[in-house]
Amino acid sequence: MYDYRITAADKRTLYADLLAALDGLTSGEPDGIANMANAAALIWETLPDLNWAGFYRNVGGELVLGPFHGRPACIRIPFGRGVCGTAAATLEVQRVDDVHAFPGHIACDSASESELVVPIVRGGQLLAVLDLDSPNKARFDAADEAGCLRLCELLASRI
Ligand code: SME
């Protein structure tokens, strides 16, 4: 077992420590599913106020549920649908303060109020998206977005 309990006074430090832990946890491991599983566990344990944290993988142009923590979720999401599908289709981060105001949002867990979805891209190709859900409105700010982008840049070479 690994003990990566991270506490930090500010988000910059929190994400720097999280990135270092993720690097250590995935370094030298070639199995992408194992690395996504540990990444989901680490993020879930580290970031407060989440009700879902995990991955959807790009499987033949469709998003398919990957390793996660939280309630059981919808398994397949077409590109362009919901928050995850929009991130997949545009390759752009989706930071949504109020998921109920997002057209086509897919309510996997009715507790979700805000959401951050970050594409994981290698060589211009979408590998997966990181999806974080929160029961709090506007849970994710620019520091969360920047921190999660760094995590996903690292994961692009580890999954
Ligand atoms: N709400 C997401 C679907 C995935 S779940 O939140 C785990 C969406 O609209 O893409």
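## A tour around the ligand

You are looking at a predicted model, where local features need pLDDT of at least 70, side-chain atom pairs count only at pLDDT 80 or more, and totals for chains, interfaces and linings use all residues. Residues are numbered from 1 along each chain as its sequence is written, and side-chain values use heavy atoms, leaving out hydrogens and water.

Next, pick Val 83, Cys 84, Ile 106, Glu 115 and Asp 133, the closest of the 13 residues around the ligand (a heavy atom within 4 Å makes a residue near).

Now zoom in on the polar contacts (pairs of N or O atoms within 3.5 Å). A backbone N or O atom of Val 83 is 3.0 Å from a ligand oxygen atom. For Cys 84, a polar backbone atom lies 2.8 Å from an oxygen atom of the ligand. Asp 133 places a polar side-chain atom 2.8 Å from a ligand oxygen atom.

Then color helix H3 (82–90), strand S1 (52–58) and strand S6 (125–134), the elements that each give two or more residues to the shell (helices are DSSP runs of H or I with at least four residues, strands runs of E with at least two, numbered from the N terminus). H3 gives the largest share, 3 residues.

Last stop: select Cys 74 and Cys 108, joined by a disulfide with S to S 2.4 Å (the cut-off for the two cysteine sulfur atoms is within 2.5 Å). Cys 74 is in the loop between strands S2 (62–70) and S3 (76–78), and Cys 108 in the loop between strands S4 (94–96) and S5 (114–122), so the pair ties together parts 34 residues apart in sequence.

Definitions and conventions. Polar contact = N/O pair within 3.5 Å; in protein donor to acceptor, adjacent residues only side chain to side chain.
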